[in-house]
Amino acid sequence: MNPLDLYAKIEPFIGFYDQYEILYKTYLRYLSAYPIGSVLDVGCGNGKFLKHLLERHIDAEGIDRSASMIQRANEIGVRASCKELEDFEAECFDCVTAVADVLNY
């Protein structure tokens, strides 16, 4: 089993959702200072940050290496896939984010 898919199974039981919402609000506050029309969220997980971006009328797309998390993200109505960074053309987003625990993977 892919370790990221294991994380997808245990994520609902960890209890990080409230802390993530605080983190999302912090990111959104910083992003609001710039004229950002499109965002790529690397390691988008369950897609909740993407949902916040869409609610603010920001074109958002997410990528994650966990197919299970991508499925969850798509179920809440956001655009997410298992693409890699090199699958995108250079400069096709105004901003790239990596919220939460992405770099350790």
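Leaving out residues up to four places away in sequence, His52 touches Glu21, Tyr24 and Leu28, where a contact means heavy atoms within 4.5 Å. This is a predicted model, so to speak of local features a pLDDT of at least 70 is needed, side-chain atom pairs count only at pLDDT 80 or more, and totals for chains, interfaces and linings use all residues. Residues are numbered from 1 along each chain as its sequence is written, and side-chain values use heavy atoms, with hydrogens and water left out.

How far can the model be trusted? The pLDDT (the predictor's confidence in each residue, from 0 to 100) averages 88 over the protein chain, and 86% of the residues score at least 70. Confidence is lowest in helix α1 (residues 3-14), with a mean of 68, and highest in strand β3 (residues 80-81), at 98. Where pLDDT is low, the predicted coordinates should not be read in detail.

Next comes the overall layout. The protein chain holds 4 helices and 4 strands; these are DSSP runs numbered from the N terminus, with helices being H or I over at least four residues and strands being E over at least two. Starting at the N terminus, the elements go α-α-β-α-β-α-β-β. Of the 105 residues in the protein chain, 40% are buried, meaning under 20% relative accessible area, while exposed is over 50% and partly exposed is in between (1.4 Å probe, protein chains only). Among contacts between residues at least 6 apart in sequence, 57% join residues at least 24 apart.

The 4 strands make an open sheet with parallel pairing, in the order β3-β2-β1-β4. β3 and β4 (95-97) stand at the edges with a single partner strand each, so one side of each has no neighbour in the sheet. Two strands count as paired if DSSP finds at least two bridges between them; strand β1 (residues 38-42) and strand β2 (residues 59-63) run parallel and are joined by 5 bridges. In this pairing, Val42 sits opposite Ile63 in β2.

Back to His52, which belongs to helix α3 (residues 48-55). With 14% relative accessibility, His52 counts as buried. The buried residues of α3 are Phe49, Leu50, His52 and Leu53. They cover an arc of only 155° around the axis, which puts them on the same side of α3; the arc is taken from the directions from the helix axis to the C-beta atoms. What do the buried residues of α3 pack against? Their partners are α2 (17-31), β1, β2, β3 and β4.

Leu54 also lies in helix α3, but Leu54 is partly exposed, with a relative accessible area of 32%. Setting aside neighbours within four places in sequence, Leu54 is in contact with Ala60, Gly77 and Val78. Leu54 and Arg79 are 25 residues apart in sequence, yet 9.9 Å apart in space from C-alpha to C-alpha. Just after α3 comes His57, with a positive phi of about 60°.

An α-helix has 3.6 residues a turn, so residues three or four places apart point the same way. After α4 comes Gly77, with a positive phi near 90°.
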